[in-house]
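This report describes selected features of the structure shown below.

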Amino acid sequence: MPPGAASPVGWEPSPRQGWVAPHIAAEFPGLGIAWTEAEARPGKSPEPVRRRLRDLSNRFYGGQAIHMRERPIPWAYRVFFRQIGLDPDRNRTPVEQLALQRLRDGAFRSQGLPDDALTVATVETGIALRAFDAERLQGGLCIRDSAPGESLPGRPGELEQGTLTIADERGPVALLFGDTASGYDAGRESRRLTIAAVQVKGVPQIAVDEALWIATATLNSG
Amino acid sequence: MLDLIARDDQATLSVAVDERPARAELRRQIGHLERELGNLVSEAFGRVEIEHRLRPATAEPRVLDLGGLERVRDELAERVSQARLDLRERALVETRNRELLHEVQTAPAEHKWVKISRHDVGEPGCGGWHSRPHLGPLGMLMGWWRVKVSSGCPLAGRLAAVER
């Protein structure tokens, strides 16, 4: 870059946007999925990541957990959970689940990579993130409802028709805000990860980009 | 006549109704109620227990139909209304306690042994006010009543000593 030139906005590679089935998008404007890929070194988190978790624990208090549902992004996820039939006080939104664990354990305990990277990004931004083994996925990700006869690998029985899922070109790889199909999780043998963010109405795109950036940067720091 | 009624019955009229605007409106109401319930839960935290859980509408995520959305909306509305009621009742109790505290502080001898905690008047912390005699039994005999203000929560060291 020549001296004095403005640095480019965004980051490379920029997150990819998945599609949402048209009839689902019509029901839920603002629903989206974006993802990015990162080289994986699953296992124990390096010291800088653990230090960051400790710093995050020290910045996170009970008061923030109590008032979390009043903040725009956690509220947006709570509302979406209600709208798809889930009770966010039973099936907790990712950020609320982490807040609860922080209060229960007294700190954000290190679970190793990539979990710690997702924890840092989720607590910082409130965005719902999840990691998949990129080598198992085929094509891009999308949000769609299940078709008759479809099932989630590793789960007995068929999915009830109309269940909201995250899917690749072959079929469902996870329930939306639910279980991941067996074998698609980021495991110790994963070498490349897909970090996916589910966006709902009321969640700004910049927060999604930031969450993916933080997660990827944290993974790369490992 | 019966033929006409049968002909105009809604079931026999094959009118396609677009329910999407109705679902969108219900989702908007759910968002509004969720915000209101969130504010009430925060306001009530530590003062009064508020029931905020709903029965899950489905086991797995799906696009709810009108009936499902209505049920979620109605349950949320019920929770909000109950939470408002609980908070109003709690506020009344706290107001009465504050008045009593004022009376105790003004005339401790007329409110012997009355104990009011910070929680009773809707304040955070563990402290409280206790009407008790100065110098123990002597104060009781002499009528030297005063309000003792507790400084707050027990220190962690003291709690650890209790554990030992």
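Predicted model: local features only at pLDDT ≥ 70, side-chain atom pairs only at ≥ 80, totals over all residues.

Several residues of α3(B) are buried, namely B:Leu69, B:Val72, B:Leu76, B:Arg79, B:Val80, B:Ala83 and B:Val104. An α-helix has 3.6 residues a turn, so residues three or four places apart point the same way. The buried residues of α3(B) pack against elements of both chains: α4 of chain A on the one hand, and α2 (20-44), β1 (115-117), β2 (128-133) and β3 (145-149) of chain B on the other.

**Domains of chain B**

The domain assignment divides chain B into domain 1 (19-98) and domain 2 (107-164). Their C-alpha centres are separated by 38 Å. Five residues of domain 1 of chain B make contact with five residues of domain 2 of chain B. On the domain 1 side of this contact there are no nonpolar residues, two polar residues and three charged residues.

**Contact between the chains**

Chain A contributes 27 residues to its contact with chain B, and chain B contributes 25 residues. On the side of chain A that touches chain B, α1 (22-27) and α4 (72-83) of chain A each provide at least two residues. The element that gives the most to this side is α4(A), with five residues. Classified by type, the side of chain A that touches chain B holds 11 nonpolar, six polar and 10 charged residues.

Strand β6 of chain A covers residues 164-167. In a regular strand the side chains alternate between the two faces of the sheet. Both faces of β6(A) are covered: A:Leu164 and A:Ile166 are buried on one side, and A:Thr165 and A:Ala167 are buried on the other.

| Partner of β6(A) | Sense | Bridges |
|---|---|---|
| β5(A), residues 142-145 | antiparallel | four bridges |
| β7(A), residues 172-175 | antiparallel | three bridges |

A:Cys142 stands opposite A:Ala167 of β6(A), while A:Thr165 faces A:Leu175 of β7(A).

Methods:
Residues numbered from 1 in each chain as written. Chains lettered and ligands numbered in written order. Contact = placed C-beta atoms within 7 Å. Nonpolar A, V, L, I, M, F, W, Y, C, P; charged D, E, K, R; others polar. Buried ≥ 20, exposed ≤ 12 C-beta atoms within 10 Å, placed from the backbone. Domains from an automatic or database assignment. Pairing = 2+ DSSP bridges.
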